[in-house]
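Trainee: I have not looked at this one before, so could you walk me through it?
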Amino acid sequence: MAAKLFFFSVVVALSANVCFSLSGNVKSLESVPDLEKAMYLVVDGYPCVRLLNLSGAIGCANPGRSKVVAPLVRVKTSEDELDRLSTVMVPLDVMKDFLTRVSSDLNFAQKVAGVLVESEVEGHNELAGGFSPDDKFPQAEFAPYKKNNYEWNPVGSGIMWNRYDFPVFLLSKNSSVVLQEIAEKNAKRNKAYPTDVAEFDFVMQTTTAGSHNSESCLKDQSCLPLGGYSVLSSLPPINVSSTKTSKPILLAVASQDSSAFFHDKSLGADSSISGMISLLAAIDALSRIDGLQKLEKQLVFLFPTGESWGYLGSRRFLAELDAGTDAVTGLNGTLISEILEIGSVGKDSTKATTLFAHLGKDVSGAKDMLTALQQASESLGPEGPKIEKASSSNPGVPPSSLMAFLRKNSSTSGIVLEDFDSVFTNKFYHSHLDNLLNVNSSSIVKAASVVARALYILANDDSKLNTKLLNSINVNVSLVHELLGCLLTCDPGLGCGLVKDFIVPSTICSSHYVGVLQGSPSTYPQYVGDTSRFIWNFLSERTSIGRKNVTSCSQGCQNPGEVCIRAEIKGRGSCVISSTRYVPAYSTRLKYEGSWVVIPSNASDEMGLVDPIWAESYWNTLGVRVYTLQSSSYDNLVLLWGVGITALAYLLIIPIRAIFLKALKLD
């Protein structure tokens, strides 16, 4: 009875506290959810999370095992001072300098309980100088040359590679507006109660387990390794049962992942997705021409993932080739004659689109590729992009998947096609601002057009080049626009007709962060991200051999070389002949033995020697909410008031009950 009485007192006190704290407005509270809704404002946005490598940790997390609560304060510059432990709201253009100061000023950092970053208002006007949280030379340790202090990314600040022992949260546009008003009210109160506080639930399991690096957290099973599934395809499909001598391989590559300080906003519009869309559109154009079986070279396409975190996809692809696994059946790594990688191609460097060819080595094969690109451009007439060889003063190829191939074999003939020469034109590299506003669709169409025709030229013998057929290779402009809307927006996002024609997406707003690898790596995986599943289905259809009678795959595909596309769409799964496959993408220094194990480095794996081995911490929930906090004396007064009312009610019940029982006896 005493416990029930106390619970009732607390509820009455809390109800009174809420009703009297909301600007004098009295609201009807009919249930506990109503009470919670009245007390707490749940904040929308995107969290920064904790990652670990062999050396330690980066990213953000609560410092301990409990939630963090502190008053809301808004600063206008990174030089503003704090006089108490605070939740700090910072404008987006102040974020870089503020976090840089926190990393260098321990006394200041001790007053930061958490950081809320305001969303941009419109466009990028407030960040005209650029914003890139990555390094000036991203992943310099993997470069196939010694000059790793070169600045490919001049605006890079490197703040995404630091460790922050407090939560950092990017606010949505609506939340930014609401919390600015709340912070302004707090400022007017001048630290007097009541005050509005933010509560962060960013407790990471690695913190709870006491794991300090990726090796220990994988052992403790408090994290999972970064990774996913690359997609491999070919045109026409490779006949693995054929006894004919294999053709030389012309490999076209485009990364499907990106990164950002806030992983759920890793769009990578120019940094990687422009190249991916360009190659998808080029494959679509090539799939519609005749005579592909007669090409002198086999066209193979690789869309690696995890490239932003140590070139996981390309390095694992090379390891699978060496091991001859099922994922690469029919492919011989020694037959790869040329590699054409499509990088950032979404920006116009001049009024007339110019694309720069970065040669891996100035060898005959690379020169032939450059000639083919220029020939393809000329065939497009005045609408074609200008192709120029990148400056010889560059130290080598820019950050790209080609680096992995060059580290494996320095004489590899390869070119990376980019929209920049000596430095990135993308001022928002690996930032959440690298979105649809940061690319030009016409540039991507032009790049796709020149890539499609260049691949056709390179796959043909010069004496057999059909000029009429070459000129018939045209990119579907509508497809490019649709892919941009599907992969870089929330409206329509992954809910677009093109994506939903192939898969059932897990979310509408796409993110191209690699994520973590769940379960045992497999050629037939159970858990695959939305982007990889869409690419796999799209390529399986576009590269498939036409058949008069397409069969359903409800009972599985029975014939050799068949795969089931649209399997997620009820009643629409069908079998087609295609050599499209998933290739696991994870560190070459990891092995799955029921759980993940770090294996010793191998001198033959040069990139493995510098591999950080990234892992992401588990967590239960990630969230931020804001509520009004009264002074302790006020709370005690309200509690006493609630207890008093409860006691009075109990005392009144006794005589009323006696009167009621007496009335019943008289009746």
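Mentor: We will go through a sheet, a pair of helices and the salt bridges in turn. This is a predicted model, in which local features need pLDDT of at least 70 and side-chain atom pairs count only at pLDDT 80 or more, while totals for chains, interfaces and linings use all residues. Residues are numbered from 1 along each chain as its sequence is written, and side-chain values use heavy atoms, with hydrogens and water left out.

Trainee: Okay, in what order do the 5 strands of the open sheet come?
Mentor: The order is S8-S4-S3-S25-S11, with mixed pairing. Strands here are DSSP runs (E, at least two residues) and helices are likewise DSSP runs (H or I, at least four), numbered from the N terminus, and two strands pair if DSSP finds at least two bridges between them.

Trainee: And which strands stand at the edges?
Mentor: Those are S8 (163-164) and S11 (223-225), and each has a single partner strand, so one side of each is left without a neighbour in the sheet.

Trainee: How do S3 and S25 run?
Mentor: Strand S3 (residues 50-53) and strand S25 (residues 615-617) run antiparallel and are joined by 2 bridges, with Leu-51 standing opposite Glu-616 in S25.

Trainee: Switching to helices, at what angle do H8 and H16 pack?
Mentor: Helix H8 (residues 269-286) and helix H16 (residues 530-542) pack at about 20 degrees, with axes 10 Å apart; axes are lines fitted to C-alpha atoms over the stretch in contact, and angles run from 0 to 180 degrees between N-to-C directions. That makes H8 roughly parallel to H16, a label given to angles under 35 degrees.

Trainee: Which residues meet there?
Mentor: From H8, Met-276, Leu-280, Ile-283 and Asp-284 meet Thr-531, Ile-535, Phe-538, Leu-539 and Arg-542 of H16, where contact means heavy atoms within 4.5 Å. By class, the contact has 6 nonpolar, 1 polar and 2 charged residues, with Ala, Val, Leu, Ile, Met, Phe, Trp, Tyr, Cys and Pro counted as nonpolar, Asp, Glu, Lys and Arg as charged, and the others, Gly among them, as polar.

Trainee: Last topic: how many salt bridges does the structure hold?
Mentor: The structure holds 25 salt bridges, each being a side-chain nitrogen of Lys or Arg within 4 Å of a carboxyl oxygen of Asp or Glu. One of them joins the side chains of Glu-199 and Lys-67 (3.8 Å, N to O). Glu-199 lies in strand S10 (residues 195-201) and Lys-67 in the loop between strand S4 (56-60) and strand S5 (68-74), so this pair ties together parts that are 132 residues apart in sequence.

Notes:
Parallel < 35°, antiparallel > 145°, perpendicular 65-115°, else oblique.
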